[in-house]
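Start with the sequence and the structure.

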Amino acid sequence: MEKIITVKNLVKKFGSFTANDNLTFDVFKGEIFGFLGANGAGKTTTIRILCGLSSPTSGELKVAGFDIYKETEKIKQNIGYMSQKFSLYEDLTVSENIQLYAGIYGISVKKRKEKEAELLKKLDLENAKNKLIGGLPLGWKQKLAFSIAIFHEPKIVFLDEPTGGVDPVTRRKFWDLIYEAANNGITVFVTTHYMDEAEYCDRVSIMDAGKIEALDTPAKLKEIYNAKNIDEVFLKIAR
Amino acid sequence: MITIKNISKSYDKTEAIKNISLEINRGELFGLIGPDGAGKTTLMRILMTLLLPDSGKAKMDEFDVVKDFKEIRHIVGYMPGRFSLYQDLSVEENLNFFATVFGTTVEENYDLIRDIYYQIEPFKKRRAGKLSGGMKQKLALSCALIHKPKILVLDEPTTGVDAVSRKEFWEMLKKLQKKDITILVSTPYMDEAILCDQVALMQNGRILDVDSPSRITEKFPRKIIQARSENMFQLINDLRNFEKAEAVYAFGQFVHFTGIEDDVETTELDNYLEKLNHKNILVEEINPGIEDVFMNLMEK
């Protein structure tokens, strides 16, 4: 399988505190990779490094084929990012948000218009095109934020707790979009506190105190830890 | 201990809660379960006397939430969804502040908070703003308890909190319940419903159902079939294309399937998936969980 992210001996220190303690792992093209861990385990630090927003203290890393030290701008062009905390501009309309992101990624006006029409149709948002993001239900915002994060057809999309606060139906409809993206070859790197969502991933890593304590398919992890679901695996590792 | 009768509240044209009635007994651990926008916070703020209802009545231990707000404030402890302690005061100063405001001392009620507070006591000189998420939560709970309230109200204490800390938090609540404190807690995590004595499932300002978690799932009349195969994405799509499919949703490693009028047999689905070349197929009927019930009720 083709590797889309390679991490070798990643160390990140803040003063005397080691946030990432010698991490080594690969992520394969087109997989849904679950990145789990307790609050403070070091997940956000790793994601910031993989997105080219922070530099490691040491280690060898490649994201989408580019070097994490020298080619951060190329990395940024080839990834998408979405989180619960930061996604869209509330005081711009749906269409303006799409225009803004398309502009940032240098997508031509013609292509943007085509893709925008397609996207609005798919999300059933054609009538909300000129509405401000601030007034939309949370579930719509999340779906739109995800679609915009992959609007420039990145190789990898990073999702940092994308589904908080929505009802169970909306949460699952969001995962339909994730599956579809992965099926289209986009690699999905996702963090979540919903343990049932961890089961939807192809592989799951579990971090504790700056280290990766486990990394495998959900089925294999349950077997190794003799647990009936990922929640139990998580509790065994992180407690 | 808490009586809510026909309470409604709107913000401009948005109806936040619509004609809600509930009874919460003394000593109960009662959960309001629902997503953002269900009306959980509005209901709690009305009970906390921080917001006036448009119509309806509510009582907290015999005190009216509109007329007797002063009395209520002495007998309730409240932990709002957003961290609202003084960030620039230390851990110890925050706790002393809340004790003093309620005319008591930390020593007097230390017994109640010991199990929680001892975990953050080593950091008592640290400013509250500099604490980690889990420690902030423990401090907020200690401050809400320091005047020994009869009723404790917690607004989404576990949102955004990892699975381990969530588990520990619920264990703390169970211990508090034994000290004769009635607890009203809200959460968007459906799996936490089973940890409550009684739950109200809420959606868009309405209550979908109120009962014990076990009764809610037992009385659910629909037939739920769970399925699994090697390709999840394909499995969901194929099941949705099945002619008698009503609802098809991912549930962890499985897909939950509800047939139109429950008129689908497991063998039928099994054959259907086999024909479509799915590998390692598992199809079985299961008992529904709270989330199945919630999803079914909300789609009505």
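In helix H1 (residues 43–50) of chain A, five residues are listed as buried: Lys43(A), Thr45(A), Thr46(A), Ile49(A) and Leu50(A). Buried means that 20 or more other C-beta atoms, placed from the backbone, lie within 10 Å of the residue's own. These residues sit on the same side of H1(A) because they cover an arc of only 165 degrees around the axis. The arc is taken over the directions from the helix axis to the C-beta atoms. After H1(A) comes Gly52(A), with a positive phi near 80 degrees.

This is a predicted model; local features need pLDDT of at least 70, side-chain atom pairs count only at pLDDT 80 or more, and totals for chains, interfaces and linings use all residues. Residues are numbered from 1 along each chain as its sequence is written, while chains are lettered from A and ligands numbered from 1 in the order in which they are written.

Helices (H or I, at least four residues) and strands (E, at least two) are DSSP runs, numbered from the N terminus.

| Chain B | Value |
|---|---|
| Secondary structure | ten helices and 14 strands |
| C-alpha box along the principal axes | roughly 70 × 45 × 35 Å |
| Buried share of the 300 residues | 44% |

The contact takes 26 residues from chain A and 29 residues from chain B. Two residues are in contact if their C-beta atoms, placed from the backbone, lie within 7 Å. On the chain A side, H6 (168–183), H7 (195–198) and H9 (230–238) each give two or more residues. H6(A) gives the most, with six residues.

Definitions and conventions:
A residue is buried if 20 or more other C-beta atoms lie within 10 Å of its own, exposed if 12 or fewer, and partly exposed in between; C-beta atoms are placed from the backbone.
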